[in-house]
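Me: Can you walk me through this one? I have a few quick questions.

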Amino acid sequence: MFDLNPQTVKKLRRFRNVRRGYYSFLFLLGLALVMVLGELVVNNRALIVSYEGELFFPTYTEFHPGTDFGFDYDYEVNYRDLETRFEQTQSDNWVLMPLVPYSPYENHAPGGIFKPLPPDLDAQHYLGTDTTSRDILARLFYGTRIALIFALGFMLAVYIIGIAIGCSMGYIGGAFDLFFQRVIEIWSNIPFLYMVIIIFSVIPAAFSVPTRIIILLLVMVLFSWTGMTYYMRTETYKEKSRDYVSAARIIGASDTRIVFRHILPNVLSTLVTFMPFTVVGAVTAITALDYLGFGLPPPTPSLGELLKQGAANLRTAPWIVISAFTTLTLLLTLITFIGEAVRESFDPKTYSVYR
Amino acid sequence: MKSVTQLGRWFVPAVAALVLGCGAEDSGEVEEVIDNTAEVEAAYAADPDYYSFKTIDDLPDDLVWERGGDIPEMGSPEANKGGTEYIALTDFPRTLRHMGPDSNGSFRPYLLDDMAVGLVGVHPDTNEYFPGLADEWAIDRDNTTVYFRLDPNARWSDGVPVTSDDFMFLFWLSRSDYIRAPYRTNWVNTQYSNITRYDERTLSITVVVDKPDFETRAFLDPAPRHFYSEVGDDFVERYQWRYVPTTGPYILKEGDLDKGRNIVLTRNKDWWAKDKKHFRYRFNPDRLHFNIIRDTAKRFEAFKRGDIDQMRMQLSEYWYEKLPDSDPDVQAGYIAKSFFYNRHPRPPYGLWMNTAKPLLDDRNIRLGIQHASNWQLVIDQYFRGDAERLDTPQKDYPGFDHPTIEAREYDIEKAQEYFAAAGFDERGPDGILTNAAGEKLALTLSTGYESLSDVMTILKQEAEKAGLELRLEILDGTTGWKKVQEKKHEIHLVAFGRFAAMYPRYWEHYHSENAYDKAFLEDGSINPERQLKPQTNNLESIAIPEVDALIETYRASTDREEMEQISHRLLEILHEHASYVPGYYQPWIRIAHWRWLRYPDFFNHKQISLPTETWVHWIDTDLKEEVQAARKSGQTFPPMLNTYDQWKEQSE
């Protein structure tokens, strides 16, 4: 089992005592779980189809052409139509659809015209549809999932680079430190937004959508890792001059051991408190880029794109902007609450006597 | 020597800018003074075949002079002058020049195209000619020459009379390298062979190519000789923000250009043509006030507030939802909605496939794409039936468009048959077709029209049913255009603006010369080392010897009937080639305008592409006050919802 440091246990307990942050954390964790299994909740593929005595679970499998279920077309079967057909024919066949039976990409226009529809429980468009009749809830759901995955990936990459370089600067010091400080100063003065726009405009669309999202992530990381190095560098400098590091060195510990076993664990609290705010920053950045049209390639569902649509249809379809805005605010508030709780519980001033 | 002058060209304006801070408008004072009189005269003398000077006695005697007899007058006698029209531009003009880099922007119609009076006008209802700068003209069909006698009253906006020299100079200017407009220079060099000055008021222009409507090419807008006396190496910078005198009704006054913010054009009360037939009832507002509003949604909000006077409502979303007939402002009669059927060659919205790209070089794939493009769904569900399916790219060139060709219908089975014939017969796990090598049937569909991004997603979804994956790339206008001009696209959704002309042009889109550098070897076989040629309009990279031959005959032809036949044949070949998926067209214009902005009872003339281009509307200033007062008091007027279908196609 985990052999947690009593200090860490203490911090975690303090975190649990910050109610607001702790419940936000639980809520977000629950949401994340639902999102991991999102295809079972929001999808136009059925959960279970019972057809001619055989059970199908199409959610994660290969697509079924319409001919598999007695339709005359061989593109992907429309499970909602299938459900209606089974109901009408009174057969033993049945379909179990997910809670929200729409994919974020399909245009579903009950009136035959692509236009925003207000929320409609009967049609199971719980938050209405957007300008091309795509379900808003489905787009919000997957948009949030992509934004969160994107933000987590962003945070990991930024931390790995930031920690590696910041720590080396602090630990090695000297010319290496001086050199990298200058590099970072220059690098961090390149305007981030322009670079994203320029780089993204030359990426050919021939790449698939996931590739383009990864490229966007890399570009954003490329221009965001510098912030982390400042903290890591100062923290490492500080810890390096402590007695316990000198002691470790005297008994012959290697540099690797000193960095990984002694210094890093001691600067971890600084890092942890930054994490939620990095996530908030990443979600905001990707939403802003999408809003400007330079973010995730269409037709990827995204919060920014919905906000943009909402702003353009403020008068005629207020439900678009309301749901997108509420989701974004809620998400960012939750993460910020967690961040504040983490910061509070990891605050060294309340328990440390060394400083 | 060249490098010294090159350096000077950049250095002089730079110094000027330093000395004067940002007041670049006055930089002429410190710029080196140029007088190109000697240079121009030397050029005239050096090319006497092109620039001829004769006397009035040399004028042929047998000319039949025309004066544009009794044709219906343009505009409405009801129109009254006055008021200010508020107009929104999407971008601030990058220059006030009429030629050279960046001059072909969206503001140019207000500076030149819609405003300036040319030699002879073409009536938009009947295609008959009426006098402009020329009082009289004579067409010499045998020598493809048109003779003109200028109106003695014709004046530039700065008071200088318009003379034959201004036309002579137009040719010199267009042919000079200073203006840095190679397309224009090439056009003038290849389309015109002579200009002759007989006296101050009399001139003739000779066109190279004999066409049924060759004379329209001689109906030119002059260039003010006195204004362009400083044209030299630094033309582009020197004339960047200088307002060119005009023969038209509106002028830019000193201080009315606030860079990046707004522009005001003022009606010239002493305009020489103000009482002339076909001009007197047009160009009515006293002032045109231009603001910059980049975003369509914002432009609409500004319109709704009354900050701008009229707005086009071509998109269904605006016509039906943002400003429905039931809108309070419409119901109260404050805002009018006008629906006008026009007749104008239609912009060929559709999918242009670059046949030089892998996969798209296979005709089966192209045919599959034809049947996998569900334009009918776009028309029915996105445009709500307010559009028609295009069958050929040359719609509304009467006689020249093919009478029977029909666009291929959306048919998943046919599409899959063609894809299978090209080797794509297996559906992958995501439903996309793959071939034996495991290659996916995926192509990029790009566009520069952000407003059509919804159309793109519909096409994508529908193509997926046929097993074709379209990867969408929605770019801003400039980037999208650059992409196709560099021929980097696979499939591109775009349309070309069409001029009101008698016959369509084929050379620019379909001749091999515009597809590749040296497409074929001497013996007619395909040049294995040919390279795609950038910066041309042959977006399909079509290089077919038979088409080349037809286009060449077509270009040289003077016989309308023969041209029509060739046009039909070309459209048949292109239809078989299947590299263009015809999209949609809208045979009408619809706009919303405030009640005080009035149009004639017939709304507008037949062959227009924009309702504003004829300038037949006017601002009723009394009514404006009345409407504004009524908006405050809640008083209402009868709603104005008008359809003008006098030019509607009968078959519809």
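What follows is a short exchange on a predicted model, chain by chain.

Me: How does the pLDDT of chain B average out?
Reply: This is a predicted model, and chain B averages a pLDDT of 88, with 95% of the residues scoring at least 70. Residues 1–29 of chain B have pLDDT below 50, and in the model that stretch has 19 contacts beyond near neighbours in sequence.

Me: Where does Lys276(B) lie?
Reply: Lys276(B) is in the loop between β11 (262–267) and β12 (287–292) of chain B.

Me: Buried or exposed? I mean Lys276(B).
Reply: Lys276(B) counts as buried, because its relative accessibility is 15% and the cut-off for buried is under 20%.

Me: Which residues is Lys276(B) in contact with, leaving aside neighbours within four places in sequence?
Reply: Pro131(B), Gly132(B), Asp135(B) and Asp151(B). For Gly132(B), the backbone oxygen is 3.3 Å from a polar side-chain atom of Lys276(B).

Me: And how far apart in space are Lys276(B) and Phe107(B)?
Reply: Their C-alpha atoms are 26 Å apart, and the two residues are separated by 169 residues in sequence.

Me: What does β11(B) pair with?
Reply: On one hand, strand β10 (residues 250–258) of chain B, which runs antiparallel to β11(B) and is joined to it by five bridges. On the other, β12(B), also in the antiparallel sense and over five bridges.

Me: Which residue in β11(B) is the bridge partner of Leu257(B)?
Reply: Ile263(B). On the β12(B) side, Arg287(B) stands opposite Thr266(B).

Me: What is in the hairpin of β10(B) and β11(B)?
Reply: There are three residues between the strands, and Gly260(B) takes a positive phi near 80° there.

Me: Which residues other than glycine have a positive phi?
Reply: Asn127(B) is one of them, with phi near 65°. Phe283(B) is another, with phi near 55°.

Me: Where do those two lie?
Reply: Asn127(B) is in the loop between β4 (120–122) and β5 (129–131) of chain B. Phe283(B) is in the loop between β11 and β12 of chain B, where Lys276(B) also lies.

Me: And their accessibility?
Reply: Asn127(B) is partly exposed, at a relative accessible area of 43%. Phe283(B) is buried, at 2%.

Me: Switching to chain A. How many helices and strands?
Reply: Chain A has 12 helices and three strands. Its C-alpha trace spans about 85 × 50 × 35 Å along the principal axes.

Me: How much of chain A is buried?
Reply: Buried residues account for 46% of its 355 residues. The accessible surface of chain A is about 18,200 Å², and carbon and sulfur atoms hold 66% of that.

Me: Where does UniProt place the "transmembrane region" feature in chain A?
Reply: The unreviewed UniProt entry gives residues 21–42, 146–174, 186–207, 213–232, 267–296 and 316–339.

Me: What do those spans look like in the model?
Reply: Two examples. Residues 21–42 of chain A are 73% helix and 0% strand, with the end C-alpha atoms 28 Å apart. Residues 267–296 of chain A are 87% helix and 0% strand, and there the end C-alpha atoms lie 34 Å apart.

How values were computed: Residues are numbered from 1 along each chain as its sequence is written. Chains are lettered from A and ligands numbered from 1 in the order in which they are written. Side-chain values use heavy atoms; hydrogens and water are left out. Helices (H or I, at least four residues) and strands (E, at least two) are DSSP runs, numbered from the N terminus. Buried means under 20% relative accessible area, exposed over 50%, partly exposed in between (1.4 Å probe, protein chains only). Contact means heavy atoms within 4.5 Å. A polar contact is a pair of N or O atoms within 3.5 Å; within protein, one must be able to donate a hydrogen and the other to accept it, and residues adjacent in sequence count only if both atoms are side-chain atoms. Two strands pair if DSSP finds at least two bridges between them. pLDDT is the predictor's confidence in each residue, from 0 to 100. Accessible areas come from the Shrake-Rupley method with a 1.4 Å probe; for residues, only the protein chains shown count as cover. UniProt positions are given in the numbering used here, feature names are shortened, and annotations may be inferred rather than shown by experiment.
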